[in-house]
Amino acid sequence: MDILTGLIREIWHTFNEAAPYILFGTFMAGVIQTFVDKDRIVKHLGKPGFKSVFMAALFGVPLPLCSCGVLPTAMSLRKNGASKGATLAFMISTPETGIDSIMLSFALLDPIMAVFRPVAAFITAVVAGVMENIFGHKEKAPEPPKEEKCPHCSETVGRAAPGQHQHYGKRFIGGMEYAFVDLLGDISLWLALGIGIGGIISFFIPATFIENYLGRGLSAMFIMLLIGIPLYICASASTPIASALIAKGMAPGAALVFLLAGPATNTAGILAVGKFLGKRSVVIYLAAISVCAIAFGLLLNFIYSVYGINAKALMGSGGHSELTHHLGLIAAPVLVILMINAVARRNKCDD
């Protein structure tokens, strides 16, 4: 009984610290959904070349789409005229990071990781897109996309319909509904699983166990890469797991490899890339993610080492304070209610 109580206490502590940042990140996701013009995004992604890749990677960084949500979005962009390089870049930068996972990184990891993670995701996406442009099958610039109604979503959510002026109040409500129902419904179970696994690691694995038995060099990075590539996990859910691994002695670079490879790839994503973009694109997709994840992992370890930064000591410094602790006491139960509501409403819609 004491073991179960201790485990629940550890999981709730992590959730309590993260809750204010999850709520704020989800709210910002709704704001982005309200004001981002998806037609304009497609317009900038159509022509093969560096600019479209750069814009796709840049657009993808703040967007709060998880690894499951990015697949239909990326394929929709491709169908509406986005180049293959831009589509690949979008498929990598979007699930690897997002406004919600950036806030969670600030809360559970440290300010260095919170900044380094989206920068690494952006550069990885650009590298993949450029490699696709150079080594992938050549393609002609696509024709302008035809108007097509999305069968799975409202036309008016997040942007005004052509020839109409949609009141910002209604757009904002639609954006918040997307954030706190659609998005939260997508990530709630994975987020709960990630926090639960993080709590199990924190409670059961002895201090320095991972440091002593897994290693801190390239071997640890390759192991995290092999774990992350087939794993189906979103950026937010991977953050508490990385936090727990660092607390138990894992080098921040190895944790970063997991944070980059885990959300960006999974079995379904690999199959989707092969089907819609081709087998050569799959090789480029996996090679870019693997090489960049290892390279940025080594660079991050170098930064911590050169400046004498203790990753475990710094962890949680960005988000931990008396204020956030008290906010968490309010935010955590509110978030639980919102997550249950989001999952219930999504399941009702699926039925």
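This is a predicted model: local features need pLDDT of at least 70, side-chain atom pairs count only at pLDDT 80 or more; totals for chains, interfaces and linings use all residues.
Residues are numbered from 1 along each chain as its sequence is written, and side-chain values use heavy atoms, with hydrogens and water left out.

Let's start with the rings. Searching the whole structure turns up 6 aromatic pairs. Rings of Phe, Tyr and Trp (its six-membered ring) pair if their centres lie within 6.5 Å; planes under 30 degrees apart are stacked, over 60 edge-to-face, and the rest tilted. Here are two of the pairs.

| Pair | Centre to centre | Angle between planes | Kind |
|---|---|---|---|
| F50 and F54 | 6.0 Å | 35° | tilted |
| F116 and F296 | 5.9 Å | 80° | edge-to-face |

Helices here are DSSP runs (H or I, at least four residues), numbered from the N terminus. Both F116 and F296 are buried, a word that means under 20% relative accessible area; exposed means over 50%, and partly exposed is in between (1.4 Å probe, protein chains only).

F50 and F54 sit 4 residues apart in helix α3 (residues 50-60), so about one helical turn separates them. An α-helix has 3.6 residues a turn, so residues three or four places apart point the same way. F54 is partly exposed, at 31% relative accessible area. Ring pairs also join F50 and F54 with F122 in a cluster.

A89 belongs to helix α5 (residues 84-96) and is buried, with 0% relative accessibility.

Now for helix α1 (residues 2-35). Its 34 residues reach 49 Å from first C-alpha to last, close to the 50 Å expected at 1.5 Å a residue. Still, α1 bends by about 40° at A18, and the proline P20 follows within four residues. That bend is the angle between axes fitted to the seven residues ending there and the seven starting there.

I3, I200, F203 and F204 make a nonpolar patch of about 370 Å². Helix α8 (residues 168-204) gives the largest share, 3 residues. F204 is found in α8 and is partly exposed, at 47%.

Technical notes. Patches are made of residues with over 30% relative accessible area and no salt bridge: like charges are joined within 9 Å, nonpolar side chains (Val, Leu, Ile, Met, Phe, Trp, Tyr) within 5 Å. Accessible areas come from the Shrake-Rupley method with a 1.4 Å probe; for residues, only the protein chains shown count as cover. A salt bridge is a side-chain nitrogen of Lys or Arg within 4 Å of a carboxyl oxygen of Asp or Glu. Helices (H or I, at least four residues) and strands (E, at least two) are DSSP runs, numbered from the N terminus. The expected span of a helix is 1.5 Å times one less than its number of residues.
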